[in-house]
Amino acid sequence: MNPAKSVVEDNFERNIDKFVLKVNRVRQRASNIQQHVGKINLPQQEDTMLLQAVGELQTALEELQVAEEEMKQQNEQLAIARTNVEAERQRYQDLFDFAPDGYLVTDDAGMIREANRAAKLLNVSQEFLIYKPLVNFIPIAERRSFRAKLNQLLQTDCFQEWEIRILPRNQTTFDAAVTVSTLSNLEGKPEGWRWLLRDITVRKQTEAKIRDIELQNLQLQEMARLKSHFLAVVSHELRSPMNAILGFAQLLLRQSHQPLATNQENMVERILRSGKHLLALIEDILDFSKIEAGQLQLKLEELNLAELITATVEEMRPLAAQKNLALQVDFNLQDSLIYSDSVRLRQILVNLISNAIKFTDAGSVQVKVEELLEDRIAIAVKDTGIGIAEADLKQIFQEFWQVNQSISRKHGGTGLGLAIVDRLVRMMQGKIVVESQLGQGSTFRFELPRRVQRREIFS
Ligand code: ADP
């Protein structure tokens, strides 16, 4: 028997064969009767009646023959349908067998009735899995809750993504996501469950890693906040005594009634120089921590950029002169009025120009101002100094970062100047870029809107 044929189909075919046999027998008898009638000598009337009866029998037989043909035709169609059903069933069987997840079918007592290959997740071969209780593969400590869930399942049709631990034979447990749906019989009564098991160990590990990273991130944010706060407090506390030291050192140098001896004067001058250096450093740390904490507010006002640049460059000229460097300004703005923060703009220029002088031994430093489209301006500080290697350019605006610490130490500095410049330019809705070649020089160029917009929070 074809295994795909159902019992119903088989009975149906057998019945047709029997029916065809019977029709053939009746037909045979009818033709026998007809032959006999032809031979019998009956009175006229009876003869006619008999012939009529035989005629009707003949008609009934013909009708039966038609019915028989129709039945045969239906039978052929049934055979085609059966082949299609078989192909479909095979497709589903393949899907079931080769699916990457574990598929199981259990009865309503939780006994495994069918399992695909992926059920090797349970470390038992497919055939030995049949008739084993599924609960055998649940860790003992979790069996009670598993059974409770099974009871719940009798009331529900489907459980999505139920996470359980699975204990494969002779192996350690793993996390699995289970989807269970109820199997019902023809009357709609639940008679078992279809289980889809997926090993989610990797997913769980990734989730745990993400949680760890998020936690670390929060801790880092908190540490950064504490660091900024600490720097702000410490630098604020250092500023007042430092100003007092500077003030008294200046007083000592200026007082005329008790002049200092030459070596004393030298010492006080050194106190003053070192004090100024320390104060500048404290100011940088304070500014940077304020920017980081989002506490630095721009003081926007109408200002004359030409005047601001000229004044700043003149302040720096003695520094450039000490190193015999030419310091030039190339100003190309029609209208030099802009709306910005003069103190912070000056701070940006001082940082860039002093770096340019610091890292240039011969040649020149040039400040170039030009008009851009869409009401923007560009300011570039160009030097002919030591330059910066391409690999170092990426980190150049990072706080406390210095290209060559021994060179930077010789020149002094904290590595905060460019980080502050970058943050200030961004607060002013601009951006800064740097172009440089080792031994040739560097150009720091920043763009700004003519009118900086007031914003409450800067990031
Ligand atoms: P600092 O100058 O206090 O060290 P900065 O943040 O201003 O800190 O600069 C960071 C580093 O970038 C400097 O130590 C230096 O290595 C490099 N740098 C900055 N400006 C220039 C420049 N014009 N030419 C060459 N190197 C520079």
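## Strands S11 and S12

In this predicted model, strand S12 (residues 441-449) runs antiparallel to S11, and seven bridges join the two. Within this pairing, Gln437 stands opposite Gly441 in S12.

S11 and S12 belong to an open sheet of five strands, arranged in the order S7-S9-S10-S12-S11 with mixed pairing. Its edges are strand S7 (326-332) and strand S11 (431-437), each of which pairs on one side only. On average, neighbouring strands of this sheet are turned by 15° against each other, direction ignored.

Helix H7 (residues 305-322) packs on the sheet, where it touches S7, strand S9 (364-372) and strand S10 (376-383). The direction of H7 makes about 170° with that of S7.

## Pairings of strand S5

Strand S5 (residues 190-199) pairs with strand S1 (residues 102-107) in the antiparallel sense through six bridges.

S4 and S5 form a hairpin with five residues between them, and Gly188 in the turn has a positive phi of about 85°.

## A nonpolar surface patch

Phe230, Val234 and Leu238 form a nonpolar patch on the surface, and their accessible area together is about 260 Å². Val234 lies in helix H5 (residues 201-254). Because its relative accessibility is 30%, Val234 counts as partly exposed.

Notes:
Residues numbered from 1 in each chain as written. Predicted model: local features only at pLDDT ≥ 70, side-chain atom pairs only at ≥ 80, totals over all residues. Heavy atoms only, no water. Pairing = 2+ DSSP bridges. Helix = DSSP H or I, 4+ residues; strand = E, 2+ residues; numbered from the N terminus. Axes fitted to C-alpha atoms, helices over the stretch in contact; angles between N-to-C directions. Contact = heavy atoms within 4.5 Å. Patch = residues over 30% accessible without salt bridge, like charges linked within 9 Å, V, L, I, M, F, W, Y side chains within 5 Å. Areas by Shrake-Rupley, 256 points an atom, 1.4 Å probe, with all protein chains shown as cover. Salt bridge = Lys/Arg side-chain N within 4 Å of Asp/Glu carboxyl O. Buried < 20%, exposed > 50% of the residue type's maximum accessible area, 1.4 Å probe, protein only.
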